[in-house]
Amino acid sequence: MTELAAELELSLPAIDKHLRRLERAGIVVKTKNGRTTRVSLQPGSLMALAIWAMRTRLMWSNTLDRFAAHLDDTEEGR
Amino acid sequence: MTTITISRSVHAPPERAYQAWVDPDRLAAWWWPHLPDTTYECDARPGGTYRIDSPTAGIGVEGTFREVEPPRRLLYTWLWSGEGEEDVPDDLVEVTFQPDGTGTLVTVRHTSVEDITKGGAQQGWGEVMDRLAAIE
């Protein structure tokens, strides 16, 4: 955690606050070993987010394609 | 909270693009034309509701208009049919129609209010529990 704080130029309490949120969301896992705390990324934890974003984007992309094509057709017919 | 943003330029002025988006008869021509049994209801007024439903495909979407500013902007809630009973907060969809030369730039911002990553965490824990249960 000390290394993270140094790398990101943030105070330890600030790092702790961010990490606690990430930990609650299941994105990182903290393991204590004596005086040092190791933070690891939880594999696959962002998968649900990525899948939602991909699915939603694809749905709107197809929808807007149909919308644009429809307006092309009706605009030509005027 | 997670948002995706997507834009398209269309060859029609904002007024026509807006009408095609909110008029149920116009909507039927482009929303799900590949699902001919789809029904369209759309009352684009603040507090008005919409509902698009295809019984054969088993999909549908519904919501309530929050903000209606013809022909520039719409803000409405978004709920896929069948998700209501799980007590999930509705998504929010904002559509803007900006003049763009002789046409319109249509931008959709779709926001999920739900903390999607939680689902991932639950899934993660589910797998851990399954592995624990497998230990005798």
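**Notebook: the sheet of chain B**

I began with strand 6 and strand 7 (residues 103–112) of chain B, which pair in the antiparallel sense over 9 bridges. I count two strands as paired if DSSP finds at least two bridges between them. Helices (H or I, at least four residues) and strands (E, at least two) are DSSP runs, numbered from the N terminus.

The model is predicted: local features need pLDDT of at least 70, side-chain atom pairs count only at pLDDT 80 or more, and totals for chains, interfaces and linings use all residues. Residues are numbered from 1 along each chain as its sequence is written, while chains are lettered from A and ligands numbered from 1 in the order in which they are written.

**Strands 6 and 7.** I looked up individual partners across this pair. B:Leu92 has B:Thr111 in strand 7 of chain B as its bridge partner, and B:Pro99 stands opposite B:Thr104 in strand 7. The hairpin of these strands has 2 residues between them, and B:Gly101 takes a positive phi near 65° there.

**Neighbouring pairs.** Strand 5 (residues 73–80) and strand 6 (residues 91–100) of chain B pair in the antiparallel sense over 6 bridges. I noted B:Thr96 in strand 6 as the bridge partner of B:Arg73. Strand 1 of chain B runs antiparallel to strand 7 of chain B, joined by 9 bridges; in this pair, B:Ser9 has B:Leu105 of strand 7 as its bridge partner.

**The whole sheet.** I then traced the strand order in chain B: 7 strands form an open sheet in the order 1-7-6-5-4-3-2, with antiparallel pairing. Strand 1 (2–10) and strand 2 (39–42) of chain B stand at the edges with a single partner strand each, so one side of each is left without a neighbour in the sheet. From one strand to the next, the twist averages 20°. Strand 2 pairs with strand 3 (residues 49–54) of chain B in the antiparallel sense over 4 bridges, and B:Glu41 stands opposite B:Arg51 in strand 3.

**Helix on the sheet.** Helix 1 (residues 14–22) of chain B packs on the sheet, touching strand 1, strand 2, strand 6 and strand 7. Its direction makes about 155° with that of strand 6 of chain B. Axes are lines fitted to C-alpha atoms, for helices over the stretch in contact, and angles run from 0 to 180 degrees between N-to-C directions. Two residues are in contact if their C-beta atoms, placed from the backbone, lie within 7 Å.

**Chain totals.** I recorded 3 helices and 7 strands for chain B, running β-α-α-β-β-β-β-β-β-α from the N terminus on. Among contacts in chain B between residues at least 6 apart in sequence, 33% join residues at least 24 apart.
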